[in-house]
Amino acid sequence: MKPNRLYLYTIVLVAVLGGLLFGYDTAVISGAEKGLQAFFVGASDFVYSDFLHGITSSSALLGCIIGSGISGFLASNFGRKRSLFLAGVLFLLSALGSYCPEFLFFTHGEPDFPLLVVFNLYRVLGGIGVGLASAVCPMYIAEVAPSRIRGKLVSCNQFAIIFGQLVVYFVNLVILGDHITPVVEQIGENVYKVMNGDAAQWCTTVGWRYMFVSEAVPAGLFALLVLFVPETPRYLALSGRDAKALHVLERINGTDEAQAILRDIKNTATEKTERLLSYGWMVIFVGIMLSVFQQIVGINAVLYFAPRIFASCGLDKPMLFTVVMGVVNILFTLVAIFTVERLGRKPLLIWGSIGMAVGAFGFAVVNLLDLNPLIAACAIMIYSACFMFSWGPICWVLIAEIFPNTIRGAAVAVAVAFQWIANYAVSSTFVPMYNMHISSFDGFGHIFVYALYGVFCLLAALFVWHLVPETKGKTLEDMSRLWRKAK
């Protein structure tokens, strides 16, 4: 049997739909958060403060921590395929529930505290799906892909994440149309007022609902298509189903190569799983810090709050600039896809970190010197673009391939859980830090927060240079031998 590339690319395409939903679900809040805030400000039984809005805007990330934390157990005990199907179902339920959190128990359109709790529970549910997809999608792709193109195919998952964010930016822009987004201002202690008046009413009542429910279509499609893809050959082999594993490997790699790969899998996996620290603590530490640095450089503060950032710079059409940034992100993710196998993982991470530092420090300087807002927008886009060819895709590539077969499920779960914890820390603290004032210096927060992110970018470059091994061209089974030697 000869290798069937169409078969390989088809099943990878289905898997990366999970990445698209990951991006879609996490970025949908960027367009909906202002209307959502205006809606709950109208509650009569509690005060919907900036603090509560920060919690609500980031609540899906709590689910991401849960989903990634249980992904290892689910992927190891029920398989990669079933875990992806569960993620698709959770995406669908979250989209429908966020659209109409009043379903069955509450009066439609009347905000109160119990409704806020239920809305957040639906967002957490979607976050669990995101957490599962974020861990299992790159794992699935890495375990079906031949080693010579594995980095490129796993990078496609990041492309799908960024494409999902671009799609939802565009969908939000179309849904908003000619309507005006509301502005919520604090006009006194525990007193908030929705500005723009009647002009923003549509976005306050139904606009944000349409943005959330738009996810239902890709979520339902993903859950359906996952039913038709195979389980990964490595999971099948680790589960003792060698015949099925060989069949999948033959369709992907051809008969001769498939038999050699299966022998290598069996030689490095004498049992289904090993203890997490069987290969020493350094491999786990490297995986965790890759995840943490990917987040504390601050990228999701931009992706989740891009319209708010562009508006604060004085730009008239923040949603349009957000879409432009999404297009730039797509283009630079393609840079990673087409260079990761030629240049390697480490060079892309190091140069991306340096470029991000330039963009972050540049944004801080623009605010310090009160320069043209277009320069601020360019600095943010440089920062974001450098992330997209480096830490965005390459971190997922490394997390998917750096761990030995017998601990991959648990190790990926631990690393990705730390990633979402760091993501939540960044996302929930961004707005308070960004809005910080010192005496009459209104822009202090804008300078401080991006100077801080710039410092983290430089530390990320040093970490990669000193501690992260290059994995270009190595098989997943080579990872077992590499970490055995390093132990």
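I take contact to mean heavy atoms within 4.5 Å. The model is a predicted one.

**Entry: R80**

I looked up R80 and found it in helix 3, which covers residues 80-99. Setting aside neighbours within four places in sequence, I list A75, V136, M139, Y140, E143, E231, T232 and Y235 as the residues in contact with R80. With one of these, E143, the R80 side chain makes a side-chain polar contact of 2.6 Å.

**Entry: helix 13**

I checked the length of helix 13, residues 318-343. Its 26 residues at 1.5 Å a residue should span 38 Å, and the end C-alpha atoms lie 35 Å apart, so the two values agree. I noted a bend of about 30 degrees at I337 in this helix. Just after helix 13 comes G344, with a positive phi of about 95 degrees.

**Entry: whole chain**

I counted 19 helices and two strands in the chain. Along the principal axes, the C-alpha atoms fill a box of roughly 70 × 50 × 35 Å. I compared the radius of gyration with the globule rule: a compact globule of 487 residues would have a value near 23 Å, and the chain has 23 Å, so it agrees. I find that 59% of the 487 residues count as buried. The chain exposes about 18,800 Å², of which carbon and sulfur atoms supply 68%. Of the contacts with a separation of 6 or more, 82% are between residues 24 or more positions apart.

Definitions and conventions: Residues are numbered from 1 along each chain as its sequence is written. This is a predicted model: local features need pLDDT of at least 70, side-chain atom pairs count only at pLDDT 80 or more; totals for chains, interfaces and linings use all residues. Side-chain values use heavy atoms; hydrogens and water are left out. Helices (H or I, at least four residues) and strands (E, at least two) are DSSP runs, numbered from the N terminus. The expected span of a helix is 1.5 Å times one less than its number of residues. The bend at a residue is the angle between axes fitted to the seven residues ending there and the seven starting there. The radius of gyration is taken over C-alpha atoms; the globule rule is 2.2 Å times the number of residues to the power 0.38. Buried means under 20% relative accessible area, exposed over 50%, partly exposed in between (1.4 Å probe, protein chains only). Accessible areas come from the Shrake-Rupley method with a 1.4 Å probe; for residues, only the protein chains shown count as cover. A polar contact is a pair of N or O atoms within 3.5 Å; within protein, one must be able to donate a hydrogen and the other to accept it, and residues adjacent in sequence count only if both atoms are side-chain atoms.
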